[in-house]
Amino acid sequence: MKGFSLKRFEGKTCIVTGGAKGIGAAIAWRLEFEGCNVAVLDIDEEAGAYRVGELAKAGIRARFYRVDVSNEEQVFKGVGNVYADFGGVNVLVNNAGTGFTGRSIGEQSIEEWRSIIDVNLTGPWLCSKHVVKYVKKAGGVIVNIASTRALQSEPNTEPYSASKGGILALTHSLAISLAKYRIRVLAVSPGWIDTSEWQFPPRKPSLTRLDHERHPAGRVGRPEDVASLVAFQASDEAGWMTGVNVVVDGGVTSRMVYLDEEMIKQASSIIPGDPGLGDAVMRLVSKAKEDKAVLEKNKDNAHGAVGRIITSEA
């Protein structure tokens, strides 16, 4: 964030749920850096204290509130405390979320389903519900963090994908319901974002060249990529945007992926870090094709010979 000078949020107050680490922490930092008073709502008190401390070192005003977004009483009290402390709420970023276990649908429990839906979908609904009464006084913005899993999936992600798909529906529904209060509602669907450096404690990324190369943009995403988009959406510069979802994934959802020879060659070169290995693998593939063609030809010749023998004997 060094060198960034815009101050689009001077005098405003923003709530960022799940803002103690990961994407939420980067969003909180970006909004704060642009002049916003930021309230970090999270269940991780240790990470929250660390994040607010880091912001304070940079001269940024921020406060941490321990809030479980799936608990309506805690959301009600937390939002009320933010309003009492800062005197207003202008922006809500519904970022808090939980992941998936990867269990097959036959192994997924109802408790797992409910816990993911409660945090990822009910949480944004609750936070929006209790923030509206403060934001509608002067208008404002709600930004919901969804996921590209709302649009495409890997196996065994049903609870998570459903929760993020619900976020997109909640976004356009809220946008229409709250338009009369001059409240814009938008969604962001991040792809693969490496949050290592924004965790608590921060850690170094452990990404491979193949991880980066699979993205048309040439790299895995960073939390800052999401934060800059959220800052734009929450600003007056996006004043004619509402009810829409913006994908930020380095181009992955736009790419049609086929397991063809070129992909095999590229992966064979990148994974071991040996450009020549891809060519060697392709030579093996080509040789295998030639051998198969020879076998098929010999097989056809053999069938033809047997046919001729049978015909002659008849």
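1. Tyr 134 has a relative accessibility of 16% and therefore counts as buried, the cut-off being under 20%. This value, like the others in this note, comes from a predicted model. Tyr 83 reaches 27% relative accessibility and so counts as partly exposed.

2. The structure holds three aromatic pairs. One of them joins Tyr 83 and Tyr 134, which are stacked with 4.4 Å centre to centre and 20 degrees between the planes. Tyr 83 belongs to helix 3 (residues 72-86) and Tyr 134 to helix 4 (residues 110-135), so the pair ties together parts that are 51 residues apart in sequence.

3. Helix 4 also contains Ser 128. With a relative accessibility of 2%, Ser 128 counts as buried. Leaving out residues up to four places away in sequence, Ser 128 touches Leu 92, Asn 94, Ile 142 and Leu 174. The C-alpha atoms of Ser 128 and Ile 142 are separated by 7.5 Å, and the two residues are 14 residues apart along the chain.

4. Asn 94, a contact of Ser 128, is found in strand 4 (residues 91-94). Asn 94 has a relative accessibility of 2% and therefore counts as buried. Again leaving out residues up to four places away in sequence, Asn 94 touches Thr 17, Pro 124, Cys 127, Ser 128, Ile 142, Val 143, Asn 144 and Ile 145.

5. Of its 314 residues, 40% count as buried. Among contacts with a separation of 6 or more, 72% are between residues 24 or more positions apart.

6. Two charged side chains are placed over phenylalanine rings. The charged end of Lys 7 sits over the ring of Phe 33, 5.6 Å from its centre. Arg 63 lies over the face of Phe 86, at 5.7 Å from the ring centre.

7. The second largest pocket has a volume of about 180 Å³. It is lined by 13 residues, of which Lys 12, Gly 139, Gly 140, Val 141 and Asp 236 are the closest to its centre. By type, the lining divides into four nonpolar, five polar and four charged residues.

8. The peptide bond from Phe 200 to Pro 201 is cis, with omega near -10 degrees. Pro 201 is found in the loop between strand 6 (183-190) and helix 6 (209-213).

9. Asn 156 has a positive phi of about 65 degrees although it is not a glycine. Its place is in the loop between strand 5 (140-145) and helix 5 (158-178). At 26% relative accessibility, Asn 156 is classed as partly exposed.

10. Arg 182 is another residue other than glycine with a positive phi, here near 60 degrees. Arg 182 lies in the loop between helix 5 and strand 6. The relative accessible area of Arg 182 is 55%, so this residue is exposed.

Notes: Residues are numbered from 1 along each chain as its sequence is written. This is a predicted model: local features need pLDDT of at least 70, side-chain atom pairs count only at pLDDT 80 or more; totals for chains, interfaces and linings use all residues. Side-chain values use heavy atoms; hydrogens and water are left out. Helices (H or I, at least four residues) and strands (E, at least two) are DSSP runs, numbered from the N terminus. Buried means under 20% relative accessible area, exposed over 50%, partly exposed in between (1.4 Å probe, protein chains only). Contact means heavy atoms within 4.5 Å. On a 1 Å grid over the protein atoms alone, a cavity is a set of points where a 1.4 Å probe fits but cannot get out, and a pocket is an open set with protein on both sides within 12 Å along at least five of seven lines; lining residues have an atom within 4 Å of a point. Grid points are joined across faces, edges and corners, and a volume is the space filled by probe spheres set on the points. Ala, Val, Leu, Ile, Met, Phe, Trp, Tyr, Cys and Pro count as nonpolar, Asp, Glu, Lys and Arg as charged, and the others, Gly among them, as polar. Rings of Phe, Tyr and Trp (its six-membered ring) pair if their centres lie within 6.5 Å; planes under 30 degrees apart count as stacked, over 60 as edge-to-face and the rest as tilted. A charge sits over a ring if NZ of Lys or CZ of Arg is within 6 Å of the ring centre and within 35 degrees of the ring normal.
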